Amino acid sequence: WNRWDTHKYGPPDTWTTFHWGDGKPWSGYQPRAYMAAARAWYELVMRGKPVPEQLRLYVDRWTEWLAGFCRRSGGHTPNDFPVAPKPPEWVPDDFTGHMCGLWLAGASYASLAGSTAVGLDYVRETAMAELVTEFQVTDIPGHPMNGCWSPDPDLSGGNGMAFGFYTGEIF
């Protein structure tokens, strides 16, 4: 689609990887690529088509890296990918539901495709635990934050954030 929004990222209708002027690519590209690759593998298996070895390697290497990251972070999926040489990290006060959901979806597709990557179950369990922990259930009937995932569930002032695309990508 035409990128017409903010010209400080570059001329209109040109590709950019910079997110909100912070000088780095948006961190959501990595989980989307992982999920898409795992789904491609799964779809090829379901159709009885040959699966390129490079596709399997891509998914399995990501899975094994994710498992190690989840262990090192104390049971969290990565939600920030700074520009090298700074390593990916988990930012504790910035739950990113759509990224977590995509890590879970990718790991699930990898499982269904037949991946035997070390740590695959742990990646799925970690992402699912994060989603369960971050799901908002309030004691306030009819509160708009009830039944959502949010990086900022402000229950007192009605000023919290609930992004619809979080839910779509999580489901």
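**Entry 1: confidence.** For the chain, I recorded an average pLDDT of 85, with 84% of the residues scoring at least 70. I keep one caution in mind: where pLDDT is low, the predicted coordinates should not be read in detail.

**Entry 2: helices H1 and H3.** I next asked at what angle helix H1 and helix H3 pack. For H1 (residues 29-46) and H3 (residues 97-113) I found an angle of about 25 degrees, and their axes lie 8 Å apart. Angles under 35 degrees count as roughly parallel, and H1 and H3 are therefore roughly parallel to each other. I also noted that the crossing in which H1 passes H3 is left-handed.

**Entry 3: the contact.** I then listed the residues that meet between the two helices. On the H1 side I found, among others, Gln30, Pro31, Arg32, Tyr34, Met35 and Trp41. On the H3 side the residues include Met99, Leu102, Trp103, Gly106 and Tyr109. By class, I recorded 16 nonpolar, two polar and two charged residues in the contact of H1 with H3.

**Entry 4: aromatic pairs.** I looked up the aromatic pairs and found 11 in the structure. I examined the pair of Tyr34 and Trp103: the ring centres are 5.8 Å apart and the planes stand at 50 degrees, so the pair is tilted. I noted that this pair links distant parts of the chain, since Tyr34 in helix H1 and Trp103 in helix H3 are 69 residues apart.

Conventions
Residues numbered from 1 in each chain as written. Predicted model: local features only at pLDDT ≥ 70, side-chain atom pairs only at ≥ 80, totals over all residues. Heavy atoms only, no water. pLDDT = per-residue confidence, 0-100. Axes fitted to C-alpha atoms, helices over the stretch in contact; angles between N-to-C directions. Helix = DSSP H or I, 4+ residues; strand = E, 2+ residues; numbered from the N terminus. Parallel < 35°, antiparallel > 145°, perpendicular 65-115°, else oblique. Left-handed = near helix turned anticlockwise from the far one by under 90°. Contact = heavy atoms within 4.5 Å. Nonpolar A, V, L, I, M, F, W, Y, C, P; charged D, E, K, R; others polar. Phe/Tyr/Trp six-rings, centres within 6.5 Å; stacked < 30°, edge-to-face > 60°.
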